[in-house]
Amino acid sequence: MNAPKSPIVFSPIYKDYIWGGTRIATAYGRPGTPKVCAESWEISAHPDGQSVVASGPFKGQTLGELASAFGAALTGSRAPVSTCFPLLFKLIDARDRLSVQVHPNNANAALTHGEPKTEMWFVLDRTPKAQLFAGLAQGVTQDSLRAALAAGTAEAQLVRLPIEPEQALFIPGGLVHAIGAGCLIYEVQQNSNTTYRLFDWNRTGVDGKPRQLHIEESFKSIDWSLTPPQMREPVPCGKSGQNTWFDVVSCDYFTLRKLDLKEAVTIPVDGSSFQALFVVKGRVTVSAGGETVALETGASCLIPAAATDYTLSTDTASTVLVTTL
């Protein structure tokens, strides 16, 4: 079968972690979510959650199978390994705050045999006074952090960030962080599911016992040279007719831009990367390779690297996030 050149839509993979809520179902009109839905893995080739094509000629195949079969025609020439899809895209609904955690980076992952994970969060919605936690406060040392963890007072050693919708936060591997209660987030990350839980706010799990912590793995994974990041506002970077592009986050592993879409636009695809789309608001139709799909608010799709271009159109002002390698 020829390499895909049309938009690919996947069935979401839902995760029912205890801190999740109901907004993924209610905000995006999704049936079939669990009663508590913490995450929706939108586009994933990770063994812990493989995306399955929802329709079209590749219906029923996993993203991993497509990457293995088509290589760079799907993933792009920039993919570190052409036959492995390199990123993972999620929706996160934090009814309660997540644990304070850290992920390995490429430099230290071998110390714990974990998968490196650099990520970014784009705030879709939040309750009043919701916040994120990112980085350690000035003056925190390994000794003072260990002492605070032992005393159950580690919260005071974290940097808190107030947030607004459409702000973003870049979380490199090795940075201590947590998502606060009331946040609805779109996450782009390396293809990893390694999380080391450093502190869990002195709470207990559903069994009434404290959840497992990974103190030693966390300390091996923390990059003590990192300074606390700040929330980022999208920066205008170009116009296309009535449409406006914004730079949001760019790093060694991915680039995310925001498109405020008011009229149809054709976007080139040069073979260096797939393009992953997420509709923040509005309704969008995506056409490529002779096929067209309709995406409502909260929907995702993948444009293969072999597509020459694709066209976005809308009948209402819409906002789309576009991620490439």
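A pocket is an open set of points on a 1 Å grid over the protein atoms alone, with protein on both sides within 12 Å along at least five of seven lines; its lining residues have an atom within 4 Å of a point. The structure above is a predicted model, in which local features need pLDDT of at least 70 and side-chain atom pairs count only at pLDDT 80 or more, while totals for chains, interfaces and linings use all residues. Residues are numbered from 1 along each chain as its sequence is written, and side-chain values use heavy atoms, with hydrogens and water left out.

Start with the largest pocket, which has 22 lining residues; Tyr 17, Trp 19, Glu 39, Gln 101 and Thr 195 lie nearest its centre. Two or more lining residues come from each of strands S3 (39-43), S7 (87-94), S9 (119-126) and S13 (177-179); strands here are DSSP runs of E with at least two residues, helices are runs of H or I with at least four, and both are numbered from the N terminus. S13 contributes the most, with three residues. The space in this pocket is about 370 Å³, a volume being the space filled by probe spheres set on the grid points, which are joined across faces, edges and corners. Its lining divides into eight nonpolar, seven polar and seven charged residues. In this count Ala, Val, Leu, Ile, Met, Phe, Trp, Tyr, Cys and Pro are nonpolar, Asp, Glu, Lys and Arg are charged, and the others, Gly among them, are polar.

The second largest pocket holds about 310 Å³. Of its 17 lining residues, Ser 6, Pro 7, Pro 57, Phe 58 and Glu 291 lie nearest the centre. Strand S22 (residues 291-295) gives the most to this lining, three residues. Nine of the lining residues are nonpolar, six polar and two charged.

Next come the nonpolar cores. Such a core is a set of buried Ala, Val, Leu, Ile, Met, Phe, Trp, Tyr and Cys residues joined through side-chain atoms within 4.5 Å, where buried means under 20% relative accessible area, exposed over 50% and partly exposed in between (1.4 Å probe, protein chains only). The largest core has 39 residues, and Phe 85, Phe 89, Met 120, Phe 122, Leu 124, Tyr 186 and Leu 302 touch the most other members. Its largest share, four residues, comes from helix H2. Another core, of 21 residues, lies apart from it, with Trp 245, Val 269, Leu 277 and Leu 312 among its members.

The structure also has nine aromatic pairs, in which rings of Phe, Tyr and Trp (its six-membered ring) have centres within 6.5 Å; planes under 30 degrees apart count as stacked, over 60 as edge-to-face and the rest as tilted. The ring centres of Phe 58 and Phe 70 are 5.6 Å apart and the planes stand at 85°, so this pair is edge-to-face. Phe 58 is in the loop between strand S6 (52-53) and H2, while Phe 70 is in H2, so the pair ties together parts twelve residues apart in sequence. Phe 58 counts as buried at 7% relative accessibility, and Phe 70 counts as buried at 17%. Phe 85 and Phe 274 form a tilted pair, 4.5 Å centre to centre with 35° between the planes. These two residues are 189 residues apart in the chain, and both are buried.

Gly 241 is a contrast: it is exposed, because its relative accessible area is 58%. Gly 241 sits in the loop between strand S16 (235-240) and strand S17 (243-250).

Key
1 Å grid on protein atoms, 1.4 Å probe; cavity = no way out; pocket = protein on both sides within 12 Å on 5 of 7 lines; lining within 4 Å.
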